Structures are given as C-alpha cells and as structure tokens.
Amino acid sequence: MTETIERHTISVLVDNEPGVLARVIGLFSGRGYNIESLTVAEVESGAALSRINLVTSGPRMIIEQIKAQLDRLVPVHQVSDLTEEGPHIERELALIKVVGSGEARAESLRIADIFRAHVVDSESDSFVFEMTGKPGKVNAFIRLMEPLGLTEVSRTGVVALLRGKKSI
Amino acid sequence: MATSADNSGENINGSEMIVRCLAELGVEVIFGYPGGAVLPIYDAIFKQNKIRHILVRHEQGALHAAEGYARSTGRVGVVLVTSGPGATNSVTGLADALMDSIPLVCLTGQVPTHMIGNDAFQEADTVGITRPCTKHNYLVKTVEDLPRIIHEAFYIASAGRPGPVVIDLPKDVVMAEGDYQEGTYTSETGHRSYRPRTEPDNAAVDAAMELIVNAERPIFYSGGGIINSGPAASEALTRFVRETGYPITNTLMGLGTYPASDAQFLGMLGMHGTYEANMAMAECDVMIALGARFDDRVTGRLSDFSKGSKKIQVDIDPSSVNKNVPVDISIIGDVGTVIDAMLAKLPNKSGGKSAALEDWWRQIEAWRGRDCLRFKQHGDIIKPQYALQRLYELTKERDVYFTTEVGQHQMWAAQFLKFEEPNRWMTSGGLGTMGYGFPAAMGVQVAHPESLVINVAGEASLMMNIQELSSMMQHRLPVKTIILNNEYMGMVRQWQELFHGGRYSESYMDSLPDFVKLAESFGANGIKISKPEEVDDAIRTMIETPGPFIADVLIDKTENVYPMIPGGAAHYEMKLGPDHGELEEKAEDGMVLV
C-alpha cells in the first residue's frame, strides 16, 4: 500500500439530538478510521442543527468512504469536505500553562507577544496563555513553551469555515 | 404535537398508540416475546384483533423470523421484545439484517425513564448496544413523539438501502396517555434529513450504456439489491440480460434475481461459486454490478480481482461504491429505476450477436464444459449434492420457499437449488449466522401459509435455534427441515482439513440428539435415512406429512464443498476438487486470511 495519505477537514451538519455524536464517533472507531480532531456545537438553535468539524487522514478511497458513511447516518443533513470545496479557514483555541520564574518567565511572555497569545491568568510563578490560530501555529507556540516550563495544554480542536461568500 | 380543538384526536396510552400506528402502517404480524417492560404493549395487543402475534421461544428466533417474513414478501418485518436480555438476545438478528439489508422494525422495552442509568432490573443500554448493528435507533422520551417515531422508523427501515431500526420504549412512555390522531403521518411524511437518492444521474447512465453496448466480453453481476428493489427490478434485469445476450452471474444474496434455468445464467459466483462465473468475472472487459457490493467472498484476493475490466456499479448506497473495488462508473439510485433507464437507452437489436460476443460465449462454454459441480453418487453413502439435487427435482414444480442455515449445506443449496424468481431464497449471507434458517423459515411460513417452506440445515446450525419447533407447533406452521447431517461443523472441518493440517479442533458434533425423537417430543414428525435409495421417499414423506417435519439425512462425513477459491487466493485460482481429479492439498499452516 503506497497510496498517499491525505488530510481532510470535513464539516457535518447534524440534527442536534442525543446520540448523534456517538454515531459519528462509533463509525470512526468501528471502521478503523482516524480522527485527528473533532469539535461539535449547536450552530442553528432554531433548526436544532449542530455542526461537527472533523479532521481525518487516510488514502483517497478511505476519505471518500468516510464521507459516504457519514452521509448515510440518518440524522446527518450534509457532509462537506472543506479540503475539496476550496479555500477555507481553520482555527483552534488553546489554553497553555507555563510555570517558571526569572528569565524563562520573561521569555515566555515575549514569545506570547509574538504569537499574539493573551495572558488570561497570572500568578507570581505561572501564566495561562490563550491563543487562537491554525493548528500549526498552536503547535509551534507549544514547542517554544516546552523548555520554558510548559506544564499543561488544553485545545479545542479545529473549527473551520469556507472563505468568501460560499457556504456549505 | 399540538392539535386544535376541532380536529383533536383521541386520548389513548402509548401502548395503544403503538398498536394503532402499526395497524395504520399495514402491519399484520409481530414476532415477539413478552417481559416486564413490554407488558402494557402486550395488554394492548390482547385487546385488538388486527395484528397477529407470533410467540417465539427465544428473541433471536423472532428477529430471524421477521427477516424471513420480510425477505419473502418485500415488507417490513416487525419484532417486539422486552428490555435487557430481550434486547441483547436480539442483537445477532439485528446485525444479520443490517449486513443483508433486510427491513425490520424492532420494538424493545426499556425500564421507566427515571430509572434509566441506574442499573435497574432488566436494564441494558439498548440504543448504545444496537447503534452499530442497526440502520438507525430511537429512545422514545415522551408519548407525544411516539406516532412520529414509529412512522419514521418504517420509512427508514424500508427506504434507500433497507435495514433494521430499533425503537426503545421506556415503560412509563408506553403507559402515559397522549393525543392520537390517525392519519397525521403517512408513508409520504418521510424524514427531515434522511432522503436517499433513487433517481440516477442521466450522464452516468449514458456513460455506462456506452461501455455496455460496446463491450466484447461483458458480464452482469447482480446481487441482493435487485431483490430489495422489488420483483419489477428482476423482470427488468431479465429483459436487459436477454436483450443484450450477455452472460449473468448472481451473488449468494442475488439468487433468484435472474431465472436460474436460463442458458445465459452462469450460476453463483464467489468462493464456492461456479468455475465459469468466476472465470468470466476474471476475464471480462466490462463488468456490470447491479445491487451487489464486491464482498470479499466474491472478489477473492483483491489485488487480482478482474484487473482488465471496466467496472460499472449501480447501488442505492453511496458507501457501497468504491469501498473494496474501485469502479469506473458509479450510478447511485434505485437499481430497478436505473435498469429501466438503461433499457430505454438500449439500441434495438441489430441482427444477432457480434463476433466478439460469439467468441466470448465460446470461451464461457469451454469453462462451463469443465462441469465444476460434477459429483459422483456411488456406493451406500448419500452425497449431500445428490440429496439437494433430488430435493430440487421433487419440489421444482411446487410453490416453494427455501431457507438455509450457514455452512457447507448452505453452499451446496446455493449450487444445487435453482431459483426462477426473487424472494424464494432466504439465507444469511453477510453475517453468516448459524441458526438463521429454522426461525427464518417460520417467518416465511407465516407470510405464505399455503406454500411449501423448506429449511436446508446442517445439524450443528439447527441445534442453535431448535427451540422454535415449539413456536411452529403452537402456530401450526408446517415448516419442513432437511438436515444434511455429517456430525461435523462441516465448513469448520473443511477449513481445518485444508488449512490447519487436518487437526479437527472441536468441530465434531458429539452427543447429537435423535432428531426424529426430538421432533416427536415437540409433537412433530421426522424421518432418518442413510441410503441413497431412501432419499426420494424421505423427501416425499416430508412434503406430504402435515405439520412441521424434520428429515435427518445422514450424508458423507468427509465431503467438501467445491469448487473453492481458497482464502487469500485470486478468483481465477479455483480448486475444483477430487471429483475433477485434483488432489485435496493439505496445508500445515493455518491461513491468516479468513
């Protein structure tokens, strides 16, 4: 198997009803698909719709299979492969705790400034930074914080939207 | 659902609502087993006479019976079981129906809503357990939702690719009173997000027809989807195949979609399919897959599956396309509708077959000339193939339905029984559920009380749901069972012989019952035979004796099913077996592949 592995960001509109997330997750675990990230929240309360954004990877045939399998779940209204539909924005929010003092503490603040991360909690020997960005940017920031006393990370996973006027 | 005063419905409880909804949906029969959580529903059933209830002896039997009912009629099979063990016993049948795309609605009892999650008596997380083995499932939270959910469930079970739907019913919900208005929901109500595509893309049909018309070595490959589409799809397929003059093969689930007696029919394909069907699939230049899903039992080793062909696949389920085998043209839609669209675009016949097609048929006839199903009935021991050949000959003029269990006998039945029309053949294809055939035959008999219903069984499979003989006696269902008894789990033994050095680990059936006495103990009849000359009389006796009957046919214990694509081999690497002078090679090492 020398097929190229592709990374796709897929948005799924689903009925906001009990069990719908379990159906999606069960599908991925039951059929052995990857989930790199998954986010879910209600987006249209009037229509009781939730949007699931998921990032998955696999060979082309598997990606197509994932979309077809998602689409045949009964509470799924729409499956959109943003990677295929065109330019889109991906963002993630992360909370990052750095514990330390002295030069390392000052350095973490300088880097946070470069990455436009905000300090949302501060004590004499710790910071909690909040930052948003592409997963790559979040990864880079975390890597830089590692030698400066990084102790804990909490990330939301990817949310995504098509650029321009187009909607899914 | 709020209703204004002038058109308000009746105030009835949830259980009565269920029964009324089922009657509205045209349900005539429910297969079930009572228990604490469903007592209110059983009370509602007791008080009416529109819907018949068939009491089974184990919930798995109810599911398979409903499958047999559904598969032989094209209607939704309905099951009612209690919470906890009632629901968990149903799981195998649900998984079976999901794999074989059988429309079922299974009502399960549940503990009252306020007790859910408290490990209450006979509580199980039914929606959690059944989520991966149903097409969809519901937990009903309020009595107001009940009529909508029941109607939706029937729509989902039967629309698109059919499948099982579970409705989990907490006891307080089925006891609560609510407003019920008949006719609020109809079959057109549908579902707000589930709307499977049935009409094909015209351009794809045109592209497919271009390939089909210009094919030199074509083959039709039709499966269970044709049966789910309805009898009209089989008729359209038959016309299409005859007008093109092309060969056709069927999957195990697709037997009966094309008349087996026709010269263009090459028999079943796959692991134990015919040599000519598999070779034609391997060598074709255009493959037309209609309602078939390229199962691993069909393809053999994937990397060598029909490498030189252009493939067209018609399926109502987009996830069935490009799953195992990449195809050149996929058409999503109802297969019957698609065949009609194709037929409309088929050019008028222009004077007989092309030279290329003549050559193709010559090649196919050469493969057919190998006579791959040949066997020798000699001596005093009954060959299973002979018993089935006689069973076919002695029943072919009758209005007959066949079910099977799973194993060697199932494959022999698929090879030697011939089906001229759909819905006559009920077998567990995808899941391969031993114990399917006996209860399934019961369901078929309920749907077709005047017809002859025969379950072809192995003794090991039959032992798995033999308790349903009691249900057959109670409901006067004269199901006939013919056991091809080799005192082994035959298919397990065959694989142990061929792939595990002949080490017959736990595949021998010791301490088998006397099946005749067993039948008699239930009040039924039976006969046991061991000689070839007794076969015809035994079959006649079985057919003519009123009521359920078990014919225990002792067969050659070491007979193997051939032809065979060994696990992991390519579909053109068939073994024809000892009746064709091939040695039965015994490999020492177990095959990793299944």
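1. Basis. This is a predicted model, in which local features need pLDDT of at least 70, side-chain atom pairs count only at pLDDT 80 or more, and totals for chains, interfaces and linings use all residues. Residues are numbered from 1 along each chain as written, chains are lettered from A and ligands numbered from 1 in written order, and side-chain values use heavy atoms, without hydrogens and water.

2. Interface extent. Chain B puts 20 residues in contact with 18 residues of chain A (heavy atoms within 4.5 Å). The buried area is about 1,400 Å², with 52% from carbon and sulfur atoms (accessible area, 1.4 Å probe, lost by the two parts on being put together, summed over both).

3. Salt bridges. The rule finds 2 across the interface of chain B and chain A (a side-chain nitrogen of Lys or Arg within 4 Å of a carboxyl oxygen of Asp or Glu). Arg72(A) forms a salt bridge with Asp317(B); their closest N and O atoms are 2.8 Å apart.

4. Sheet in chain B. Six strands form an open sheet, ordered β11-β10-β9-β12-β13-β14, with parallel pairing (strands are DSSP E runs of at least two residues; a pair needs at least two bridges). β11 (265–268) and β14 (329–332) of chain B are at the edges with a single partner strand each, so one side of each has no neighbour in the sheet.

5. A strand pair. β12 (residues 286–290) and β13 (residues 310–315) of chain B run parallel, joined by 5 bridges. Val286(B) stands opposite Lys310(B) in β13(B).

Technical notes:
Helices (H or I, at least four residues) and strands (E, at least two) are DSSP runs, numbered from the N terminus.
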